[in-house]
Amino acid sequence: MSTVNKAARFPIPLLLAGALTLGLTAPAQATPPDIPSAATANSELAALTVASEGSLSGYSRDLFPHWITISGTCITRETVLKRDGTSVVTDSSCAAVSGRWYSPYDGATWTAASDVDIDHIVPLAEAWRSGASSWSTSRRQSFANDLNGPQLIAVTDNVNQAKGDQDPALWKPPLTSYWCTYAKMWVHTKYRWSLKVNSAEKTALQSMLGRC
Amino acid sequence: MADYSSPFVAGPGGVMTDEVGVITGALELRTTFANGVVRAKVRYEGADEWYAITGASCRLADQRDHAAVHQVLLGVLNRPLG
C-alpha cells in the first residue's frame, strides 16, 4: 500500500505554520471519545436486545443526514479528520490540506486526506436494520454525526469500503490487535443508541471482547 | 427494453459498490442499457437508492445481448444459501 505526499504541493510557509501550531512529533493515533472498559462493554453487550435484523425497505442515506456543520466552516468529516490526525493543517473552508492519519484498522499511515474515510463504526444501513428505521430523521442525524461517543473514526478508505454495511460477525478490522477496541466501540454505540444485536453478531462481539 | 430488474440474495462478503462499499443481504439487481453501454446497479430490496456495482459496466455490440448479460450477472451474484 503506498502513501501519497499531497503536502508537498502546498507552499512551505503554510506547512511551517501548521508544524509550529500543532507539532510534528505527537503520536499518530485515532482516538474516538468515550471508549468503555472491557468490563463495561461486556455488561452493556449483555443488556442489548437480541433480535433478527429488520428489512431495509424504504432505506436511504438521505434519512441519515450526515456531514453537517459542526463549528465555523467545519463539517463532521473535517472535524474527525482534525481529531484523529496529527499535524493537520486546514484551509479557510476547513479542508485538510496536509497532515498524517494512522488507520488503526489496518496499520496504514496516510498523508492525503483523500485516502482517508470517516467510518461509521455501526454503519447507517446496519443501524437501520437494528432499530433506527423507526427513529425520527432528527435522531438519525444525531446518530450519523455523533462526536460524543465512539461512533466515528478516520480509517483507510479502501478498508472502509470493504467493511460496508457489515456487522462484526461478517467483517472485522484486518489488524486482530485492534479487535478488542473495535468491539468496545461497536458495543458502546449500540448501547448508547438502544440498537439491537443479532445472535451471530453478539457471539462475534463476545469473542472479540475476550481478546481484551 | 432498456431495463431488467431481479431480486437476489448476496453471498458472504456482499457486493462492492462505488457509493457505499460492500452491501449485503436481500438485494435487487438492475441493469440498464443506454448509448450502447450496459450498467449494473444494486439496491437493498425495497430501498430508495441504487448503487453502481464497482466495475460492472460494458459496451455491447448488440442490444439484444442485454438480457443475457443480466442473466449471467444474476447467476454470479445470487447466493441465497451462502
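This is a predicted model: local features need pLDDT of at least 70, side-chain atom pairs count only at pLDDT 80 or more; totals for chains, interfaces and linings use all residues.
Which residues does B:Pro12 touch, not counting residues up to four places away in sequence?

**First stop: a loop of chain B**

B:Pro12 sits in the loop that runs between β1 (3–9) and β2 (15–17) of chain B, and the residues that it touches, once those up to four places away in sequence are set aside, are B:Arg79 and B:Gly82. With a relative accessibility of 63%, over the 50% cut-off, B:Pro12 counts as exposed.

**Second stop: two residues with positive phi**

Most residues other than glycine have a negative phi. Staying in chain B, select B:Asn35, which lies in the loop between β4 (26–34) and β5 (37–44) and which has a positive phi, near 55 degrees, without being a glycine. At 73% relative accessibility, B:Asn35 counts as exposed.

Then move to chain A and select A:Trp67, in the loop between α2 and β1 (69–71) of that chain. A:Trp67 is not a glycine either, yet its phi is positive at about 60 degrees; its relative accessibility of 24% makes it count as partly exposed.

Among the contacts in chain A with a separation of 6 or more, 75% are between residues 24 or more positions apart.

Select helix α8, residues 199–209 of chain A, and colour its buried residues, which are A:Glu201, A:Lys202, A:Ala204, A:Leu205, A:Met208 and A:Leu209. If you turn the view to look down the axis of α8(A), these buried residues fall within an arc of 165 degrees, so they line one face of the helix. An α-helix has 3.6 residues a turn, so residues three or four places apart point the same way. To see what the buried residues of α8(A) pack against, show α2 (38–47), α4 and α7 (179–192) of chain A.

Next select α5, residues 137–144 of chain A, where the buried residues are A:Arg140, A:Phe143 and A:Ala144. Seen down the axis of α5(A), they fall within an arc of 95 degrees and so line one face of the helix. The cover over the buried residues of α5(A) includes β6, α4, β7 (152–156) and α7 of chain A.

**Last stop: the largest pocket**

Finish at the largest pocket, which holds about 410 Å³ of space. It is lined by 22 residues, and those closest to its centre are A:Arg61, A:His120, A:Leu124, A:Asn160 and B:Val20. To find the elements that give two or more residues to this lining, select β6 (116–120), α4 (124–129) and α6 (157–163) in chain A together with β3 (21–23) in chain B. Which element gives the largest share of the lining? It is β6(A), with four residues. Coloured by kind, the lining residues divide into eleven nonpolar, six polar and five charged.

Note on methods: Residues are numbered from 1 along each chain as its sequence is written. Chains are lettered from A and ligands numbered from 1 in the order in which they are written. Side-chain values use heavy atoms; hydrogens and water are left out. On a 1 Å grid over the protein atoms alone, a cavity is a set of points where a 1.4 Å probe fits but cannot get out, and a pocket is an open set with protein on both sides within 12 Å along at least five of seven lines; lining residues have an atom within 4 Å of a point. Grid points are joined across faces, edges and corners, and a volume is the space filled by probe spheres set on the points. Ala, Val, Leu, Ile, Met, Phe, Trp, Tyr, Cys and Pro count as nonpolar, Asp, Glu, Lys and Arg as charged, and the others, Gly among them, as polar. Contact means heavy atoms within 4.5 Å. Buried means under 20% relative accessible area, exposed over 50%, partly exposed in between (1.4 Å probe, protein chains only). The arc is that of the directions from the helix axis to the C-beta atoms.
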